Amino acid sequence: SLPAYKSNQMVTFHEVIWLYLRRLYDLREDHDLKQTDIADYLHISQRTYSHYETDSRSIPLEQLIRLAIYYETSLDYLANLTDNKKPYPRGKHAPKK
């Protein structure tokens, strides 16, 4: 289970990364998707996506943006900076799903 933090409690960088990776995993599972489904959407191999979820490889910003669009959420939510899943209003030049 995820650790609970009080607002005045310091969180280590490792814990922030773990929570962020856990959020990606949870979103995929909540949508009943396999790693191959997301990998296909991102035009990458399942192995590469697996590396993203296990922090063996950093996720490029372009891929994070695509994931935010796919899951209809914000980059802040993906990065675990907010618990609000609702995305920001998209600009007129924002990429489509």
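Start with the salt bridges: there are four of them, counting a side-chain nitrogen of Lys or Arg within 4 Å of a carboxyl oxygen of Asp or Glu. Keep in mind that this is a predicted model, where local features need pLDDT of at least 70, side-chain atom pairs count only at pLDDT 80 or more, and totals for chains, interfaces and linings use all residues. Residues are numbered from 1 along each chain as its sequence is written, and side-chain values use heavy atoms, with hydrogens and water left out.

Select Arg22 and Asp26. Their closest N and O atoms are 2.9 Å apart. The two sit four residues apart in helix H1, so about one helical turn separates them. (Helices are DSSP runs of H or I with at least four residues, numbered from the N terminus.)

Next, pick Asp83 and Arg23, which form a salt bridge at 3.1 Å, N to O. Asp83 lies in the segment after H5 and Arg23 in helix H1, so this pair ties together parts 60 residues apart in sequence. Which of the two is buried, and which exposed? Arg23 is buried, at 13% relative accessible area, while Asp83 is exposed at 66%. Here buried means under 20% relative accessible area, exposed over 50%, and partly exposed in between (1.4 Å probe, protein chains only).

Within it, Glu29 and Arg28 meet at 3.3 Å, N to O. Arg28 is buried at 5%, but Glu29 is partly exposed at 35%.

Move on to helix H2, residues 35–42, and color Gln35, Ile38, Ala39, Tyr41 and Leu42: these are buried. They cover an arc of only 160 degrees around the axis, which puts them on the same side of H2; the arc is taken from the directions from the helix axis to the C-beta atoms.

Setting aside neighbours within four places in sequence, Leu42 is in contact (heavy atoms within 4.5 Å) with Tyr49, Gln63, Arg66 and Leu67.

For the last stop, go to Ser74, in the loop between H4 and H5. Ser74 is buried, with a relative accessible area of 4%. Leaving out neighbours within four places in sequence, its contacts include Ala68, Thr82 and Tyr88.
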